[in-house]
Amino acid sequence: MSEQTKSKSHFNSGKEILVFLITLAFMFLFRFVPPVEPITPYGMALLGVFLGVIFGWCFGGNNTLWTSLFGLIALGVTLPAGVLGATMQVFSSYVFIIVLLSLFTVGALLGANISEYLVVKLLSLKFLEGHPWRFIVVLFFGAYLLSFMTNPMVIGIFLFSLYETLFTQAGYKPGDKTPTFIIIATAIIALLETINRPWATPQIISLQALENGAGIAVGYAPYMLLIIAFSLIFIALMVLLMRLLNCDVEKLANIDLTELKERYKNGLHPHQKGVLVAILVLAIGSIVVVFFPANLGAVSTFVTAKLSIIGWMLLVISCMLFIRVDGKLLLEPKTLASNFPWHLLMMIGVGVTVGTVVVGEGTGVSEWLGSILGPILGGMNDFTIYIALAFIGIVLTNLLNNNAMAIMLSSTVVGLYLQGFIADPILAIIIVIVSTTFGFITPASSFYGALIHSNKFIDSKSVYKWGLLMAVFCLIVTAVLLFPMSHLFF
């Protein structure tokens with residue numbers, strides 16, 4: 001081996017060093033750029049941290065952990081609470097905790113090799129065997145149903161881990177069109193499920209803005225029916241899009257399952273059965289907690305408020321760390337430690353936190369965006385405003401926190417309605433809710449954006465190539481479907 005080759009293998013490349021320097025420049029030097037009114041110096045500093053983590057995650061290759069940790073440091077020296085306060089804010093967020101606990105259960109599944117067994121069972125079903133498109137349909141609609149019944153974040157993590165086994169067996173390579181589409185589609189399906197419930201954030205923010213500002217109340221029942229119907233049609237159209245783009249799903253039908261079938265011809269061994277039962281108990285218990293009757297007084301308060309889904313997940317995980325089957329723990333700490341995806345967890349925690357604070361109070365970023373969008377939208381006709389809202393919502397939610405964007409765009413809608421620019425404010429608000437949900441392109445856009453970027457079958461180039469196409473698809477379907485469907489349900 002030549003000295004030049006040795007040096008390349010032992011030291012960082014010039015590209016890596018350049019990405020490193022640009023990332024740190026955004027994080028720590030962008031704050032010295034003169035702010036543009038109404039953005040404050042504090043807002044410029046946070047904007048620099050935001051741009052830095054996005055740049056590092058996108059161009060830093062597979063090693064994203066250093067970007068997340070430097071982003072945490074930069075966030076800490078910017079926030080009044082310091083690095084300790086920033087760290088506590090990241091580690092105490094609901095999303096971070098749910099993801100952390102979900103990764104415990106995924107670690108148990110991977111440690112017991114149950115994903116292989118599930119792939120064999122799925123592909124061996126008689127009505128799916130040899131029918132890859134039928135398999136895609138069942139996969140997508142099943143993901144929506146499971147997300148609806150439990151927690152979409154848990155289902156997302158589980159399916160993404162299952163995909164790695166599936167795609168490896170099928171012979172796909174990282175960056176291939178078909179696995180990229182399946183992964184992105186699964187993220188969109190989970191995102192669509194998050195807006196089903198009108199009493200949850202951020203949809204309740206938008207609906208309350210319309211009711212408080214314009215005196216127009218949106219019924220929960222028609223809202224849920226509209227969103228569910230829209231989601232189911234949307235999923236069917238995604239399958240159609242995959243067919244039109246000639247996605248190679250035949251590899252799924254040609255998977256050689258001989259070795260795996262032989263391995264699992266007698267089913268799961270007792271330890272694997274124990275792990276699978278524990279995961280099912282966790283899933284069923286989560287459903288019970290979510291839909292627990294509210295008329296049982298103190299019992300309801302204890303289950304939904306005191307215990308909650310997080311408490312239930314902790315309870316099941318604690319039992320898995322204690323119970324032995326065949327002499328092995330259901331959740332072995334050593335196995336969990338060796339497979340734990342710290343890069344994913346930190347990307348999600350830092351990304352969600354930075355995306356939230358950059359448009360928070362005192363930054364001026366939301367006000368700056370509002371001052372630009374208000375006059376632009378006010379100069380359009382009624383139909384064009386709806387299209388523009390969908391476009392702006394999809395673009396901004398892939399860059400900034402979707403809750404903040406929903407608040408800003410909902411306030412803009414109410415203002416334009418009161419000024420007589422919008423004839424159908426309910427349609428406009430629903431467009432805001434739906435469009436600000438489609439955050440999946442950048443790692444900071446949502447939990448699912450980070451999940452996509454961390455998957456080994458996707459690279460940054462394929463995410464942006466096919467992700468942008470899917471964003472355009474989301475815009476078109478939103479515009480085409482919501483107009484007639486809104487008038488049908490309201």
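The model is a predicted one, in which local features need pLDDT of at least 70, side-chain atom pairs count only at pLDDT 80 or more, and totals for chains, interfaces and linings use all residues. Residues are numbered from 1 along each chain as its sequence is written, and side-chain values use heavy atoms, with hydrogens and water left out.

I begin with the backbone. Most residues other than glycine have a negative phi, and most peptide bonds are trans. Against that background, the peptide bond from E37 to P38 is cis, its omega being near 5 degrees. P38 sits in the loop between α2 (14-29) and α3 (41-59); helices here are DSSP runs of H or I with at least four residues, strands are runs of E with at least two, and both are numbered from the N terminus.

Two residues other than glycine have a positive phi. For N246, phi is near 55 degrees, and the residue belongs to the loop between α12 (220-244) and α13 (250-253). N246 counts as exposed because its relative accessibility is 63%; the cut-offs are under 20% relative accessible area for buried, over 50% for exposed, and partly exposed in between, with a 1.4 Å probe and protein chains only. For D326, phi is near 60 degrees, and its place is the loop between β1 (324-325) and β2 (328-329). At 54% relative accessibility, D326 is likewise exposed.

A further loop residue is G171, located between α9 (152-170) and α10 (177-193). Its relative accessible area of 36% makes G171 partly exposed. In sequence G171 and G355 are 184 residues apart, and their C-alpha atoms are separated by 36 Å in space.

Which residues make the nonpolar surface patch of about 330 Å²? They are V36, W368, I372 and I376. Patch residues have over 30% relative accessible area and no salt bridge; like charges are joined within 9 Å, and nonpolar side chains (Val, Leu, Ile, Met, Phe, Trp, Tyr) within 5 Å. A salt bridge requires a side-chain nitrogen of Lys or Arg within 4 Å of a carboxyl oxygen of Asp or Glu. Areas follow the Shrake-Rupley method with a 1.4 Å probe, and for residues only the protein chains shown count as cover. I376 lies in helix α19 (residues 365-378) and is partly exposed at 43% relative accessibility.

Finally, the cysteines. The whole structure contains zero disulfides, a disulfide being a pair of cysteine sulfur atoms within 2.5 Å. For C247, the nearest cysteine sulfur, that of C474, is 15 Å away. C247 is buried at 7% relative accessibility, whereas C319 is partly exposed at 36%.
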